[in-house]
Amino acid sequence: MNGLVRRCSCLIILLATGLNVCLADGQAGLQIPSASCEACHGAGGNKPVSPETPRLAGQEYDYLIAALLQYRNGARQNPIMGAMAKALDDAQIRDLAKYFSSQRGLTEKY
Ligand code: HEC
C-alpha cells in the first residue's frame, strides 16, 4: 500500500512538472496545454503511446467533455487522468474537447 501511494505521488509530481513545462512553452494560438496530452495520446490524439491509452482524435466532443468532467470529479477513476483533469478548468476542457474532436481519427467528419 505504501509503495503504491509513493508511486502515485511520484507520478503526480512528474505530471504536474510536465504540465508546467508545456504551459511555459506557450503554443501559438492554443490557450490549452494540448502538448501535455499528446505526450501520451500522441500527436493530435491520434497515436497513443500504449494500448491502455485511448485515441482521442475524432472522438465526439460531448464524450470528451463528459469523460474529462468525470475524471475531474472522480466519477471515473484513473490515477493518471484524474491528476490531469484536476489541473483543467472548464474553459480548458472545452478547448481540449474541441481540439481533439476536430482531428481526423476515430470517425471521418464531413
Ligand atoms: C501520462 C499519460 C497521459 C497523459 C499525459 C494524458 N492522458 Fe488521457 N488517458 C491516459 C490513459 C492511460 C487513459 C485511459 C484511462 C482509463 O482507463 O480510464 C486516458 C484516457 C483519457 C480520456 C478518456 C478517453 C476514452 O475513450 O474514454 C480522455 C478524454 C483523455 N484521456 C484526455 C486527456 C487530455 C485532454 C489530456 C491532457 C490534458 C490527457 N488525456 C493527458 C493517459 C494520459
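Is His41 buried or exposed? His41 counts as buried, because it has 20 C-beta neighbours inside 10 Å. The cut-offs are simple: buried means 20 or more other C-beta atoms within 10 Å of the residue's own, exposed means 12 or fewer, and partly exposed lies in between, with C-beta atoms placed from the backbone.

This is a predicted model, in which local features need pLDDT of at least 70, side-chain atom pairs count only at pLDDT 80 or more, and totals for chains, interfaces and linings use all residues. Residues are numbered from 1 along each chain as its sequence is written.

**Overall fold**

The protein chain has five helices and zero strands. Its pattern along the sequence is α-α-α-α-α. Helices (H or I, at least four residues) and strands (E, at least two) are DSSP runs, numbered from the N terminus. Of the 110 residues in the protein chain, 19% are buried. Among contacts with a separation of 6 or more, 56% join residues 24 or more positions apart. Two residues are in contact if their C-beta atoms, placed from the backbone, lie within 7 Å.

**His41 and Pro48**

His41 sits in helix α2. Pro48 lies in the loop between α2 and α3. Pro48 counts as partly exposed, because it has 16 C-beta neighbours inside 10 Å. Not counting residues up to four places away in sequence, His41 touches Pro48, Thr53 and Leu56. With neighbours within four places in sequence left aside, Pro48 is in contact with Cys40, His41, Gly42, Thr53, Pro54 and Arg55. The table gives C-alpha distances for two pairs.

| Pair | Separation in sequence | C-alpha to C-alpha distance |
|---|---|---|
| Pro48 and Cys37 | 11 residues | 9.9 Å |
| His41 and Ala57 | 16 residues | 8.9 Å |

**Around the ligand**

The shell around the ligand has 19 residues, and Cys37, Cys40, Pro54, Ala67 and Asn78 come nearest. A residue is near a molecule or strand if its C-beta atom, placed from the backbone, lies within 6 Å of it. The elements giving two or more residues to this shell are α2 (34–41), α3 (61–73) and α4 (79–86). α2 gives the most, with five residues. By class, the shell has 13 nonpolar, four polar and two charged residues. Ala, Val, Leu, Ile, Met, Phe, Trp, Tyr, Cys and Pro count as nonpolar, Asp, Glu, Lys and Arg as charged, and the others, Gly among them, as polar.

**Nonpolar core**

The largest nonpolar core has 14 residues. Leu64, Leu68, Tyr71, Ala85, Ala97 and Phe100 have the most contacts inside this core. α3, α4 and α5 (90–101) are the elements that give two or more residues to this core. α3 gives the most, with four residues. Such a core is a set of buried Ala, Val, Leu, Ile, Met, Phe, Trp, Tyr and Cys residues joined through C-beta atoms within 7 Å.

**Packing of α3 and α4**

α3 and α4 pack at an angle of about 95 degrees, with their axes 7 Å apart. The two helices are therefore roughly perpendicular to each other, a label for angles of 65 to 115 degrees. Axes are lines fitted to C-alpha atoms, for helices over the stretch in contact, and angles run from 0 to 180 degrees between N-to-C directions. Leu68, Tyr71 and Arg72 of α3 meet Met81, Gly82, Ala85 and Lys86 of α4. By class, this contact has four nonpolar, one polar and two charged residues. Tyr71 touches Arg76, Asn78, Met81, Gly82 and Ala85, not counting residues up to four places away in sequence.

How values were computed:
Angles under 35 degrees count as roughly parallel, over 145 as roughly antiparallel, 65 to 115 as roughly perpendicular and the rest as oblique.
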